[in-house]
Every structure is written in C-alpha cells, then in structure tokens.
Amino acid sequence: MTDSEIEITAGLVHDLLREQHPDLAGLAIREVAGGWGNQMWRLGDDLAVRMPRTEGAPDLLRNECRWLPVLAPRLPLPVPGPVRIGEPSARFPKPWTVMTWVPGEPLDHTSISRGDHAAGTLAGFLKALHVEAPEDAPVSGDRGDHPKKCTDGFDHFFDAVVPDDLADAVRAVWDDAVAAPEWEGPPLWVHGDLHPANVVVSDGTLSGVIDFGDMFAGDPAWDLAAAWVILPAGAASPFFDAYAQADEGTIRRARGLAALKSLFLMLMGRNGDRGLPGGKPAWGPAGRAALDRVLRDGLT
C-alpha cells in the first residue's frame with residue numbers, strides 16, 4: 001500500500017522546495033493527517049504539497065494536474081488546483097505537486113448538520129461535473145464498471161465485515177444493482193472516489209471536494225452513490241430530485257455501489273482499529289452509518 005523505503009519528512013519537503021521552487025521555501029510546513037496514495041503537507045495558509053507514497057500515485061497526480069484546470073472553472077464548489085509541479089530527483093524519485101488548499105474539515109472527522117442544503121449543493125456540483133468527457137479523458141482501471149463486474153470485490157468486503165443481521169438486506173441491494181441496466185449514455189466526467197475523506201465541510205454543509213486523482217470518463221452512478229455515502233439520513237431523495245437527471249437504473253446501480261463503498265469504509269476502519277497498514281479508524285463509523293442509510297433510504 002505504501003512505499004516505506006522513502007521517509008517523507010518536513011525537512012525533505014523543505015529541501016525539495018528550496019531546490020526547485022525557492023520562492024515557496026520560506027512558507028511554514030506542517031503535516032496533514034490522513035491521505036492514502038499521497039502524504040500531504042500544508043504549505044503556508046493557502047497551499048498544500050502532495051507527495052506520492054504508492055506506486056500508482058504519480059499517475060493520479062498527473063491526472064489532476066492535466067484535467068483539474070479544465071474542470072474547475074465550471075464547478076460550483078472549491079476544488080484543488082495545481083500551482084507547481086515538482087520533478088523527480090535524487091532526493092525524491094517521483095513527481096510531486098503543490099496544490100491550492102481547500103478550506104474545511106474532512107467529513108470523516110465531522111458531520112453535516114444542514115442535510116437539505118448539502119443535498120442541493122452536492123447535486124449542483126455533480127450536475128456541473130457530469131458532462132460528456134473528451135475522447136482523451138482517463139479511464140479507470142479499477143472502478144467505473146457495471147456492478148455485475150465488481151462482484152468479487154463486493155463479496156470480499158461482504159464476507160469480511162457485513163453484520164449478520166444485515167446480510168440479507170445488503171445482499172438484496174447488491175443483487176438489485178447487478179440486475180440494473182447498463183449505462184447507455186456517453187462517458188461522463190466522474191470524480192470516482194467520493195467518500196467522507198474526500199469532501200470538506202464548513203458551517204454544517206459541504207464546502208469543497210478534494211482528491212480528483214481517480215477521475216475518469218464513465219458511468220455517473222459511481223458518483224451518485226455519494227447520496228448515501230456522504231449525505232446524512234433522509235437527504236438522498238432531495239438530492240436526486242435536485243440532480244434531476246438520473247433514471248431508475250442509474251439510481252439502482254448507485255445504491256448498490258453505495259453499499260460496496262460502505263463495506264469498504266467499514267473494512268478500512270476495522271483495519272485501522274487493528275493497527276494494520278492503510279487502516280483508517282475514522283472510516284469505520286462513517287461506513288456503518290452509510291450502510292444504514294443505504295438500507296433505510298431506498299428510492300426504488
């Protein structure tokens with residue numbers, strides 16, 4: 001999961017800045033907890049340094065640097081924007097980036113109290129994002145498929161963490177998604193990784209979306225799962241009313257994918273509780289709450 005051969009420290013970040021972007025080297029550097037493929041450091045008040053620590057992370061950073069400047073101008077919420085690109089060097093043999101900082105608290109460490117407002121905000125954001133992607137847009141190697149092609153992953157998460165008393169209900173949601181029709185529209189821009197750690201909250205509602213490295217062209221159902229994974233109880237219905245462009249099949253796929261993502265969050269939370277590499281203790285409660293919403297707030 002991580003490249004343990006390179007220790008990424010504040011000193012290393014400062015040295016890289018001094019060597020390649022000396023005008024930024026005088027800004028305060030402080031580590032930001034969390035992250036998956038990248039270790040992040042706050043740089044001054046308005047910037048962040050993202051340092052890849054997994055094998056695939058450099059390609060994801062390149063995706064962000066290539067496409068976020070294209071997408072950001074039409075998006076109604078703040079998103080990170082590339083400011084500088086760090087080149088591989090003897091000190092750190094991978095590319096790295098300086099991005100704009102998106103203010104707010106990650107949702108896996110706070111909550112949304114203004115559910116209807118957040119539903120409308122997320123719907124507006126995804127309507128603006130979900131437009132036809134160009135032919136050279138990235139495609140995903142591990143997400144974006146119809147749920148029927150994701151059964152191995154679902155079964156793994158299901159067997160690992162699903163509560164016994166919810167097993168039949170969760171399986172029914174997944175089976176319904178597997179039986180739903182394929183996405184028949186053109187490939188749309190999709191964030192691809194909307195979960196509580198990749199959105200930020202201010203004043204009880206969504207205030208920004210981060211980590212676009214997994215963006216791809218494909219089925220919007222992968223983002224629409226956020227109606228259950230991100231929004232609080234009771235907000236899925238007003239979200240889809242505001243989004244107003246998801247047919248029944250897309251909603252069915254989205255709900256099944258929300259169950260998949262919920263189980264993944266629960267597994268990462270359990271791994272965090274056990275001190276395993278890559279585990280995120282805060283993700284467990286977020287995943288279980290999302291799973292409860294999936295089962296309680298069905299729309300079809």
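A crossing of two helices is left-handed if the near helix is turned anticlockwise from the far one by less than a right angle, and right-handed if clockwise. In this predicted model, local features need pLDDT of at least 70, side-chain atom pairs count only at pLDDT 80 or more, and totals for chains, interfaces and linings use all residues. Residues are numbered from 1 along each chain as its sequence is written, and side-chain values use heavy atoms, without hydrogens and water.

Helix H5 (residues 167–179) passes helix H10 in a left-handed crossing. The axes of H5 and H10 (residues 283–296) lie 10 Å apart, at an angle of about 70 degrees. H5 is therefore roughly perpendicular to H10, a label given to angles of 65 to 115 degrees. Ala169, Val170 and Val173 of H5 meet Leu291, Val294 and Leu295 of H10, where contact means heavy atoms within 4.5 Å. The residues of this contact comprise 6 nonpolar, no polar and no charged.

The aromatic side chains come next. Across the whole structure, 8 aromatic pairs are found, with ring centres within 6.5 Å as the criterion. The planes of Phe239 and Phe240 stand at 80 degrees with centres 4.9 Å apart, so this pair is edge-to-face (planes over 60 degrees apart). By contrast, Phe239 and Tyr243 are stacked, because their planes lie at 20 degrees, with centres 6.0 Å apart (stacked means under 30 degrees). Phe239 and Tyr243 both belong to helix H8 (residues 236–243), 4 residues apart, about one turn of the helix.

Phe239 counts as buried at 0% relative accessibility (under 20% relative accessible area, 1.4 Å probe, protein chains only), and Tyr243 counts as buried at 2%. Ring pairs join Trp228, Phe239, Phe240 and Tyr243 into a cluster.

Conventions. Axes fitted to C-alpha atoms, helices over the stretch in contact; angles between N-to-C directions. Helix = DSSP H or I, 4+ residues; strand = E, 2+ residues; numbered from the N terminus. Parallel < 35°, antiparallel > 145°, perpendicular 65-115°, else oblique. Nonpolar A, V, L, I, M, F, W, Y, C, P; charged D, E, K, R; others polar. Buried < 20%, exposed > 50% of the residue type's maximum accessible area, 1.4 Å probe, protein only.
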